[in-house]
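Subject: Structure handover

Hi,

Here is the structure for you to look at. My notes on what was found follow below it.

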Amino acid sequence: MSARLQGRTALVTGSTGGIGEAVARALAAEGAHVVVSGRDTARGEKVVASIAERGGQATFVQADLADGLPAVTALAAAAHRLAGGPLDILVNNAAMLIEPRPTAEVEEDLIDRALAVNIKAAFLLTGLVAPAMAERGSGAVINMGSINGLFGLGGSALYSTTKAAVHSLTKSWADEYGPSGVRVNTVAPGPTFTDKIAAMADYLAPMIAAIPSRRPSTPEEVAAAVVFLAGDDAANIHGATLSVDGGRAAV
Ligand SMILES: NC(=O)c1ccc[n+]([C@@H]2O[C@H](COP(=O)([O-])OP(=O)(O)OC[C@H]3O[C@@H](n4cnc5c(N)ncnc54)[C@H](OP(=O)(O)O)[C@@H]3O)[C@@H](O)[C@H]2O)c1
């Protein structure tokens, strides 16, 4: 274990699986005490146990981010209690992935839920966490964007819109909180083979064929970018989008 984040505290939303789990593991491997969060307590406790087995520190806090302000307030309060004050690192990672479908077939309820989980929860949580960081004069917020937030993609209007909003929030928050020492940045993965996404390999094959590296990202590669932006090596990086997409956004 190295120690680039020794003594720091981090909250990673949506870290009971997928990319968020890899982020939680990577932050803990650098010495951070990580608050793991998501809806599924059993999976969350499993992530915490496996971090502890490797000598890291983690605590699970259950939260359903679709439940709006009360749920987000409870999560922020629990994370602040565990941190004993302002957090050092917030990773707004949780999101609903949405199966591609024509715009006319997207139900209103799905639109409401996607906006609530992918945008509103990160908005409210940052509003509860970043001001305390700003008052202390330091902190790092990393928003999980997506290549889908950078390009148009037919059939993906709803998901892509939520990710484009996340990219926009990073820029506004960099301006709002940067002068107080809080750095806000985006990590924008391309197709990343979590277990769930790897099961869609056939659907993604044409997209992956257009990637300069000709392969998807791994969750660990995305997590490494988060660790970089969370730590002191990124001390003067504000409002940036760090793509982890094999070069796809460049071509
Ligand atoms: N995988 C990719 O190819 C890819 C590419 C670009 C960007 N991204 C972005 O990377 C992030 C993670 O994606 P992923 O592929 O790892 O997704 P995933 O495997 O579906 O994991 C999503 C995580 O978010 C949590 N979550 C979902 N709904 C929630 C809710 N209502 N309240 C609280 N937690 C909730 C899930 O935990 P529970 O089930 O326990 O609630 C899970 O831990 C997302 O922001 C996604 O947009 C992914």
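What covers the buried residues of α3 includes β1 (9–12), β2 (33–38), β3 (57–62) and α4 (108–136). Helices (H or I, at least four residues) and strands (E, at least two) are DSSP runs, numbered from the N terminus. Buried means under 20% relative accessible area, exposed means over 50%, and partly exposed is in between (1.4 Å probe, protein chains only).

Some ground rules. This is a predicted model, in which local features need pLDDT of at least 70 and side-chain atom pairs count only at pLDDT 80 or more, while totals for chains, interfaces and linings use all residues. Residues are numbered from 1 along each chain as its sequence is written, and side-chain values use heavy atoms, with hydrogens and water left out.

α3 covers residues 69–83. Its 15 residues reach 21 Å from first C-alpha to last, close to the 21 Å expected at 1.5 Å a residue. (The expected span is 1.5 Å times one less than the number of residues.) The buried residues of α3 are A71, V72, L75, A76, A78, A79 and H80. T73, also placed in α3, is partly exposed at 34% relative accessible area. T73 and L124 are 51 residues apart in sequence and 8.2 Å apart in space, C-alpha to C-alpha.

G84 follows α3 and has a positive phi, near 70°. G84 lies in the loop between α3 and β4 and counts as exposed, at 69% relative accessibility.

D88 is buried, with a relative accessible area of 18%. The side chain of D88 makes a polar contact with the side chain of R136, at 3.3 Å. (A polar contact is a pair of N or O atoms within 3.5 Å; within protein, one must be able to donate a hydrogen and the other to accept it, and residues adjacent in sequence count only if both atoms are side-chain atoms.) Leaving aside neighbours within four places in sequence, D88 is in contact with G7, R8, T9, M133, R136, G139 and A140. (Contact means heavy atoms within 4.5 Å.)

**Cores**

The largest nonpolar core has 33 residues. V23, L27, V34, V36, I142 and V187 touch the most other members. (A nonpolar core is a set of buried Ala, Val, Leu, Ile, Met, Phe, Trp, Tyr and Cys residues joined through side-chain atoms within 4.5 Å.) Elements that each supply at least two residues of this core include α1 (18–29), α2 (41–53), β4 (89–92), β5 (139–144) and α8 (219–230). Apart from this core lies another, of 26 residues, among them L11, I119, L169 and V182.

Within the largest core, take V23. Beyond four places in sequence, V23 is in contact with V12, V91, M144, A223 and V226.

α5 (157–177) has 21 residues and reaches 30 Å from its first C-alpha to its last, close to the 30 Å expected at 1.5 Å a residue. Its buried residues include Y159, K163, H167, T170 and W173. The buried residues of α5 pack against β4, α4, β5, β6 (182–189) and β7 (241–244).

N143 sits in strand β5 and is buried, at 1% relative accessible area. Not counting residues up to four places away in sequence, N143 touches N92, V166, L169, T170, W173, V184, N185, T186 and V187.

**Ligand**

There are 31 residues around the ligand, and T16, R39, N93, Y159 and K196 come nearest.

- A polar backbone atom of G14 is 3.0 Å from a ligand oxygen atom.
- A backbone N or O atom of I19 is 2.7 Å from a ligand oxygen atom.
- A polar side-chain atom of D64 is 2.9 Å from a ligand nitrogen atom.

Taken alone the ligand exposes 880 Å², and the protein buries 93% of that. (Areas come from the Shrake-Rupley method with a 1.4 Å probe; for residues, only the protein chains shown count as cover.) α1, α5 and α6 (195–198) give two or more residues to the shell around the ligand.

R214 has a positive phi of about 60° although it is not a glycine. R214 is in the loop between α7 (201–209) and α8, and is exposed at 55% relative accessible area.

Best wishes

Note on methods. Near = heavy atom within 4 Å.
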